[in-house]
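This note sets out a series of points on the model under review. Each point takes up one residue or one group of elements, and may be checked against the structure shown below.

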Amino acid sequence: MGAVHLRGIVLPAGAPRDLFIVGGRITFTDIDDAVTISEGGWITPGLVDAHAHLAMASPGSPATIEDAVRASAAAQLTAGVLLVREPGSPAGHAAADLGGALPRTVTAGHFLAPPGRYFPGLAREVDEVSLPTAAAQEARSGGWVKIVGDFLDEEGRVTPNWSAAALADAAAATHEAGARITMHATVPASIDGAIAAGFDAIEHGHGATLDHLGVMAAAGIALVPTLLIGDYIRELTTELPLHPDDRATWLREVDAHMGVALAAHDAGVPVYAGTDAGAVDHGLVASEIALLRDAGLPGAAALAAGSWAARAWLGLPGLEEGAPADLVVFPDDPLEDPEALRHPSLVVRDGVVVRSG
């Protein structure tokens with residue numbers, strides 16, 4: 001395919017520009033014989049779902065795990081998502097390399113949990129002694145490691161899964177392998193453990209306090225609040241054998257979680273948009289970005305959390321000279337109207353148009 005041309009308001013700069021694609025790469029140098037494929041609208045770096053489980057809740061009736069992963073990724077692509085971060089999967093590293101026709105992926109491989117301390121069949125079960133070795137093994141293929149930080153005990157209380165020493169050793173092993181480590185954390189004590197151990201991110205983060213957020217900001221620990229699963233958690237409180245006190249706490253904290261997301265942003269914590277697809281449908285990152293706005297984040301910060309800032313966090317550029325041409329065009333301004341994100345007119349992955357109209 002020869003050179004192509006787009007003109008529109010390029011985000012995040014917000015200025016109208018002519019953008020060209022040659023050999024799958026972006027250039028802002030004029031190319032006289034380029035074919036115009038889009039004129040007008042807002043051009044944003046590809047959207048990012050920073051927390052999605054591609055082997056779970058896949059559309060259709062996939063016959064294999066690999067089919068499930070690809071079906072979920074295709075649903076993400078239709079929504080303009082060109083990068084998926086998968087923090088844990090029962091399918092391990094199945095999402096590590098899906099090819100050019102689907103979103104780029106960053107995976108944590110298997111969830112890591114102690115025996116009997118997560119939903120049956122979802123995690124790779126390891127004890128504390130084996131955790132650092134397992135973390136290093138998962139790190140080598142995907143760039144991330146995901147630790148399940150807490151779960152129900154025999155009394156229906158949500159309690160931490162690991163000792164401080166085990167978490168510190170897992171973080172050290174992950175970092176030595178050149179990867180980053182994150183925690184599924186839904187109680188304050190788990191967040192304490194992740195922070196003390198030097199984790200790189202917190203998933204969900206229900207019950208996070210201002211003290212937590214201050215330390216996270218200083219340490220550069222990110223938060224992926226997954227606001228979209230609020231109703232799912234409310235349903236879980238009726239299905240799981242939770243202690244009455246913990247049920248009340250869960251309900252209170254899920255109601256307060258949008259305030260936690262805003263407080264995190266205001267404290268300087270990097271906040272990213274993740275849907276927890278697998279608990280909900282795939283392709284809903286526009287809804288997560290809208291919830292971040294509803295929580296009080298400025299429009300640019302909410303969109304950045306699901307686009308250029310999230311791409312940078314995961315090691316990919318935005319709309320820059322020489323960058324891979326991963327972009328989405330919207331007819332209406334997504335900074336002003338979050339509903340605009342639901343209606344991309346053009347999706348380009350690595351210079352190839354994968355959705356038009």
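1. The model is a predicted one. The discussion begins with Thr-275. The side chain of this residue forms a polar contact, at 2.6 Å, with the side chain of Asp-49. The Thr-275 side chain also reaches the backbone nitrogen of Ala-277, at 3.0 Å.

2. Where does Thr-275 lie? Its position is in the loop that runs between helix H7 (244–267) and helix H8 (285–295). Thr-275 counts as buried, because its relative accessibility is 0%, against a limit of under 20% for that class. When residues up to four places away in sequence are not counted, Thr-275 touches Asp-49, His-51, Leu-228, Ile-229, Val-280, Leu-284, Val-285 and Glu-288.

3. The axes of H7 and H8 are 8 Å apart, and the helices pack at an angle of about 80°. Angles from 65 to 115 degrees count as roughly perpendicular, and H7 and H8 are therefore described in that way. On the H7 side the contact is made by Met-258, Ala-261 and Leu-262, and on the H8 side by Leu-291, Leu-292, Asp-294 and Ala-295. Of the residues in this contact, six are nonpolar, one is charged and none is polar.

4. A further point concerns an open sheet. Three strands form it in the order E5-E6-E7, with parallel pairing. Strand E5 (47–49) and strand E7 (104–107) are the edge strands, each of them pairing on one side only. On average, and with direction ignored, neighbouring strands of the sheet are turned by 15° against each other. Asp-49, the side-chain partner of Thr-275, falls within the range given for E5.

5. How many bridges join strand E6 (residues 81–86) to E7? There are four, and the two strands run parallel. Arg-85 stands opposite Val-106 in E7.

6. Pro-103 is placed in the loop between E6 and E7. Is Pro-103 buried or exposed? It is buried, since its relative accessible area is 1%. Pro-103 and Val-84 are separated by 19 residues in sequence, and their C-alpha atoms lie 6.6 Å apart in space. With neighbours within four places in sequence left aside, the residues in contact with Pro-103 include Val-81, Leu-82, Leu-83 and Val-84. Also among its contacts are Ala-73, Gln-76, Leu-77, Leu-98 and Arg-349.

7. A cis peptide bond joins Leu-11 and Pro-12, with omega at about 10°. Pro-12 belongs to the loop between strand E1 (4–10) and strand E2 (15–22).

8. Two further residues call for a check of phi. Thr-226 is not a glycine, yet its phi is positive, near 45°. This residue is in the loop between strand E15 (222–224) and helix H6 (230–239). Thr-226 is buried, because its relative accessible area is 1%.

9. The other such residue is Asp-350, which has a positive phi of about 60° although it is not a glycine. Asp-350 sits in the loop between strand E17 (346–349) and strand E18 (352–356). Its relative accessibility is 35%, so Asp-350 counts as partly exposed.

Technical notes: Residues are numbered from 1 along each chain as its sequence is written. This is a predicted model: local features need pLDDT of at least 70, side-chain atom pairs count only at pLDDT 80 or more; totals for chains, interfaces and linings use all residues. Side-chain values use heavy atoms; hydrogens and water are left out. Buried means under 20% relative accessible area, exposed over 50%, partly exposed in between (1.4 Å probe, protein chains only). A polar contact is a pair of N or O atoms within 3.5 Å; within protein, one must be able to donate a hydrogen and the other to accept it, and residues adjacent in sequence count only if both atoms are side-chain atoms. Contact means heavy atoms within 4.5 Å. Axes are lines fitted to C-alpha atoms, for helices over the stretch in contact, and angles run from 0 to 180 degrees between N-to-C directions. Angles under 35 degrees count as roughly parallel, over 145 as roughly antiparallel, 65 to 115 as roughly perpendicular and the rest as oblique. Ala, Val, Leu, Ile, Met, Phe, Trp, Tyr, Cys and Pro count as nonpolar, Asp, Glu, Lys and Arg as charged, and the others, Gly among them, as polar. Two strands pair if DSSP finds at least two bridges between them.
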